[in-house]
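I opened my notebook for a quick tour of this one. Here is what I looked up, entry by entry.

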Amino acid sequence: MKRSNIRAMFISFFIIILSFFNFERLGGSECIRAIHVVTLLVCGMAIGIFLKSLIGFLGEKRGKS
């Protein structure tokens, strides 16, 4: 089990939670502003990193057994 996969999962999960909280806090999404776009991009990148780390972690576990 690589520590880098686990560390990347925790950090990206923390960023996902923060960006969803920030997006929910922003008022009025009927008029898209630049901060909405940046928040959604950061959240999407963090979800991608989380999924990549999770798949790597599960693939590594499956390879050992």
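**Entry 1: Asn-5.** I began by asking which residues Asn-5 touches beyond those up to four places away in sequence. They are Ser-53, Gly-56, Phe-57 and Glu-60, where contact means heavy atoms within 4.5 Å. Asn-5 sits in helix H1; helices here are DSSP runs of H or I with at least four residues, strands are runs of E with at least two, and both are numbered from the N terminus. I noted Asn-5 as buried, at 16% relative accessible area. My scale is buried under 20% relative accessible area, exposed over 50% and partly exposed in between, with a 1.4 Å probe and protein chains only. I also checked Asn-5 against Ile-55: they are 50 residues apart in sequence, and their C-alpha atoms are 9.4 Å apart in space.

**Entry 2: ground rules.** A reminder to myself that this is a predicted model, in which local features need pLDDT of at least 70 and side-chain atom pairs count only at pLDDT 80 or more, while totals for chains, interfaces and linings use all residues. Residues are numbered from 1 along each chain as its sequence is written, and side-chain values use heavy atoms, with hydrogens and water left out.

**Entry 3: the whole protein.** I found two helices and zero strands. Of the 65 residues, 20% are buried. I then looked at contacts between residues at least 6 apart in sequence, and 68% of them join residues at least 24 apart. The accessible surface comes to about 5,100 Å², with 72% of it belonging to carbon and sulfur atoms; the areas come from the Shrake-Rupley method with a 1.4 Å probe, and for residues only the protein chains shown count as cover.

**Entry 4: the ring pair.** How many aromatic pairs does the structure hold? I found one. The ring centres of Phe-13 and Phe-50 are 6.0 Å apart and the planes meet at 40 degrees, so I logged the pair as tilted. (Rings of Phe, Tyr and Trp, the last by its six-membered ring, pair if their centres lie within 6.5 Å; planes under 30 degrees apart are stacked, over 60 edge-to-face and the rest tilted.) Phe-13 belongs to helix H1 and Phe-50 to helix H2, so the pair ties together parts 37 residues apart in sequence. I have Phe-13 as partly exposed at 44% relative accessible area, and Phe-50 as partly exposed at 23%.

Entry 5: Ala-46 lies in helix H2 and is buried, with a relative accessible area of 5%. Setting aside neighbours within four places in sequence, I saw Ala-46 in contact with Ser-12, Ile-15 and Ile-16. Ala-46 and Ile-11 are 35 residues apart in sequence and 8.6 Å apart in space, C-alpha to C-alpha. Ile-11 is in helix H1 and is partly exposed, at 47% relative accessibility.

**Entry 6: Thr-39.** Is Thr-39 buried or exposed? I have it as buried, at 4% relative accessible area. Thr-39 lies in helix H2, which covers residues 34-64. Leaving aside neighbours within four places in sequence, I listed Ser-19, Asn-22, Phe-23 and Leu-26 as the contacts of Thr-39.
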